[in-house]
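Subject: The structure I promised you

Hi,

Here is the structure we talked about, ready for you to open. Have a look around first, then read on for what turned up.

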Amino acid sequence: MRRLSSRWSELASHYPVVVVGSGYGGAITASRLARAGRQVCVLERGRELQPGDYPRTEADFAQELQVHMEAESNVDLGRATALFELHRGGDVAVVSGCGLGGTSLINAGVTLRPDPRVLQDSRWPEAFREDVPGLLEDGFTWAERMLRPTPYPESSPRLASLAAMERAARRMGGTFKRPPLAVSFEEQVNDAGVKQGACTLCGDCLTGCNQGAKNSVLMNYLPDAHRHGAKVFTEVSVRYLARDGNRWRIYYRPMNTGRERFEAPDLWLTADLVVLAAGTMGTAEILMRSRALGLSLSKQLGQRFSANGDVMAFGYNTDVPVNGVGHGVNPPEGREPVGPTISGIIDERATARQEDGMVIENGAMPGAFGKPMLALLSAAAAVGGEDMDSGLKDKLEELARVADSAVRGPYHGAMRNTQTFLVMSHDAGVGELRMEGDRVRVHWPDVGTQPELARVDQRLREATAALGGTFVRNPLWNRLTGHEVLCTHPLGGCVMAEHAGAGVVDHEGRVFSRHEGSEVHEGLYVSDGSVIPRSLGTNPLFTISAVAERSVALLARRRGWHIDYTPALEAPAAEARTPVGVRFSETMYGHVSGAVHEHALVAGDPKREGATRLRFVVTVETRDLERTLEDRLHPLALSGMVEALALSPRPLVVEGGELHLMTQEGARPGGRRMRYLLPLVAESGERFFLDGYKDVHDDAGFDLWADTTRLLVSVYRGMDISGPCVARGVLSLDPADFAKQLSTLRVLGARDAVSQWQTLLRFGRFFFGALYDTYVKKAA
């Protein structure tokens with residue numbers, strides 16, 4: 001499929017609508033508002049991963065894991081845009097997805113509605129409850145059309161895990177079902193016009209679908225938004241918001257550029273309308289930072305966090321085959337099918353007391369988890385497992401299977417017979433999200449002792465006993481980890497309510513602007529799992545989607561916009577080629593003055609009266625190196641910021657800058673020129689244009705270093721050099737910063753290490769070849 005994201009250097013300084021985050025809430029909002037004819041910008045912290053890019057091995061997974069440890073340790077492990085994000089250091093460990101598509105990339109796609117009683121709970125605002133049969137029902141219908149859920153087909157191959165789950169349900173007296181799954185079991189062109197492959201039953205859904213068969217929002221809502229004109233930017237981390245007159249100012253940090261090595265300040269853009277959809281943890285972080293910097297919000301921010309009654313456990317080394325480990329790097333041909341991650345449930349929601357309800361689901365471990373989980377589960381079973389059957393013969397058979405797994409790996413023996421159980425139930429929803437350091441963490445003492453969870457524990461014991469296995473709780477539940485509860489469906493923290501004294505947003509998702517009352521911030525919404533005011537007792541994606549559909553429909557209605565829900569039936573043409581590019585960041589600094597009629601070297605003398613400092617930190621990027629080198633100007637995109645008190649008391653943002661790299665255009669005969677063109681926007685809205693060049697020419701003496709590290713600049717008021725010149729001077733960098741610059745050099749779009757090295761060699765051959773031609777070949 002076509003790539004959806006644009007390079008962040010193309011970000012404009014203002015958009016009518018900015019959506020922060022690209023999970024269910026963000027993708028739905030972007031799609032619907034783009035269909036309503038709005039100019040939409042989507043900002044996503046993670047990367048855009050396409051089918052084929054997702055991890056298959058343990059090493060791949062390790063590269064795609066980021067862990068936020070305790071605040072006191074001030075330690076974050078892994079890169080900040082890795083696919084799996086684990087928040088630790090609180091009473092609840094929270095797992096979420098980081099990438100274009102959010103957690104939809106790594107979930108199982110179970111598309112269940114909650115028990116109807118859940119949606120009539122008094123914790124929802126009255127207007128919402130009254131609208132359940134109306135606009136919320138429409139939301140479920142619209143989401144269903146896009147996500148296309150279907151149960152695992154009866155005509156598909158038999159799954160051992162599904163058979164084991166049905167056996168457990170029968171012996172427990174539970175209701176067995178095949179739940180609707182956002183998975184395509186046949187090739188299709190969906191309602192967003194995207195061609196999808198069919199599920200290969202590999203069992204690797206939780207590490208991302210490399211076949212494009214899972215109906216994540218990357219397959220539907222996001223390409224639909226893109227088709228209707230939305231601009232999507234990845235690797236952009238929004239930090240906080242501030243009200244600026246009639247607009248919102250959004251401060252952000254580009255990721256994976258190396259700018260932090262130069263201590264670059266945050267960048268910004270503005271919007272008329274902002275929808276926060278960064279997930280329960282991300283949205284809370286943004287709003288808490290914003291509140292700390294002066295934004296007025298409800299005191300309920302962070303309150304009423306729910307882990308959705310999530311419980312994970314294992315029926316280890318059962319008496320029946322399960323085939324619960326995904327194929328990973330192994331081809332599916334000739335292997336027993338694993339199936340989608342979840343294919344069956346024991347539905348126990350029809351309880352007299354609604355809070356006692358739960359769903360118990362089978363689960364498949366991705367192939368990348370197989371070997372690590374083999375070691376973890378065998379140790380956990382030996383230390384704290386509870387064997388649910390007895391007898392010498394059974395014990396000997398179990399020991400034989402353990403040995404088989406130890407020798408032959410996770411596709412054999414005890415691990416082949418291990419059933420993963422995933423439960424969604426109900427909890428009290430009284431957790432609190434607190435900002436500790438620069439991260440949100442969950443404060444919820446004794447979360448694991450809730451009475452509702454004790455009933456879940458008992459039913460999981462019974463399910464394990466029905467299969468003749470050893471019951472093993474979530475391995476995180478131990479003294480070493482502080483008995484953390486593992487949550488994959490975080491809800492709340494910005495809950496909807498009647499007024500600010502009870503929640504953070506109203507029933508439409510509009511953010512309350514006071515500690516009390518129902519007054520809201522104009523143009524600020526939240527649309528993700530954080531608005532859900534209670535546990536749902538089932539996988540929340542369908543409810544979050546329906547609530548988001550309802551919220552954006554109300555948003556459009558309030559502004560008189562019309563959303564066109566007509567499906568897009570034709571798939572767009574695939575890209576003919578996948579270009580490879582490069583990116584690096586650099587800083588330069590020096591002085592400028594108002595002596596605009598002097599030569600830049602004279603005007604930029606730091607001892608000159610009226611001279612002031614000017615510094616920039618920019619990221620230089622091309623996503624298509626070959627096309628850049630074929631162009632006579634060799635243009636690369638420039639983005640970043642300029643600090644210049646002579647122009648603005650706050651940093652100015654570069655909007656659509658360009659570097660002409662080692663071009664002969666404008667250069668002296670026998671030399672080259674590097675020209676920097678930086679359109680600048682101040683927070684006041686005032687615009688400037690910085691025009692600078694490096695004169696690469698072999699003059700008398702050794703001047704290569706000076707030529708390549710000295711930039712002569714002129715600054716003009718307005719959009720280009722046609723405006724009056726207001727400053728002139730000279731910038732440079734020292735060897736230490738040059739070394740940092742080299743350390744930021746990255747290859748973009750390469751599929752493997754060989755392609756990376758070829759691209760680096762191609763870039764180096766051009767750049768250093770130009771220097772050779774100028775300083776060495778000419779002299780020879």
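Predicted model: local features only at pLDDT ≥ 70, side-chain atom pairs only at ≥ 80, totals over all residues.

Next one: is Arg 461 buried or exposed? Arg 461 is buried, because its relative accessible area is 17% and the cut-off for buried is under 20%. If you leave out residues up to four places away in sequence, Arg 461 touches Glu 386, Met 388, Phe 471 and Arg 473.

Now the sheet. This is an open sheet of seven strands with antiparallel pairing, and the order to follow is β8-β16-β17-β19-β15-β22-β18. At the edges you'll find β8 (175–177) and β18 (386–387), each of which pairs on one side only. Helix α6 (residues 160–172) packs on this sheet, where it touches β8, β16 (345–348), β17 and β19. The direction of α6 makes about 145° with that of β17.

β17 (residues 358–363) pairs with β19 (residues 419–424) in the antiparallel sense, over five bridges. Two of the partners to look for: Gly 363 has Thr 420 of β19 as its bridge partner, and Ile 360 has Val 423 of β19. β17 also runs antiparallel to β16, and four bridges join them. There, Asp 347 stands opposite Val 359 of β17.

How many of the six residues of β17 are buried? Six of the six are, so β17 is largely enclosed by the rest of the structure. Both of its faces are covered: one side has Met 358, Ile 360 and Asn 362, the other has Val 359, Glu 361 and Gly 363, and all are buried.

On to the aromatic rings. Searching the whole structure gives 13 aromatic pairs. One of them is Phe 61 with Phe 84, an edge-to-face pair with 5.0 Å from centre to centre and 65° between the planes. Phe 61 sits in helix α2 (residues 58–63) and Phe 84 in strand β6 (residues 84–87), so this pair ties together parts that are 23 residues apart in sequence. Phe 61 is buried at 17% relative accessible area, and Phe 84 is buried at 6%. Together with Phe 369, Phe 61 and Phe 84 form one aromatic cluster.

Then there's Phe 767 with Phe 768. Their ring centres are 5.3 Å apart and their planes are at 90°, so this pair is edge-to-face. Phe 767 is buried, with a relative accessible area of 18%, but Phe 768 counts as exposed, at 53%.

Last stop, a helix pair. Two packed helices are described by the angle between their axes and the distance between those axes. Helix α1 (residues 24–35) and helix α13 (residues 541–559) pack at an angle of about 35°, with their axes 9 Å apart. The crossing of α1 past α13 is right-handed. On the α1 side, the contact is made by Tyr 24, Gly 25, Ile 28, Thr 29, Arg 32 and Leu 33. On the α13 side, look for Leu 541, Ile 544, Ser 545, Ala 548, Glu 549, Val 552 and Leu 555. The residues of this contact divide into eight nonpolar, three polar and two charged.

Happy exploring!

Conventions. Residues numbered from 1 in each chain as written. Heavy atoms only, no water. Axes fitted to C-alpha atoms, helices over the stretch in contact; angles between N-to-C directions. Left-handed = near helix turned anticlockwise from the far one by under 90°. Contact = heavy atoms within 4.5 Å. Nonpolar A, V, L, I, M, F, W, Y, C, P; charged D, E, K, R; others polar. Pairing = 2+ DSSP bridges. Phe/Tyr/Trp six-rings, centres within 6.5 Å; stacked < 30°, edge-to-face > 60°. Buried < 20%, exposed > 50% of the residue type's maximum accessible area, 1.4 Å probe, protein only.
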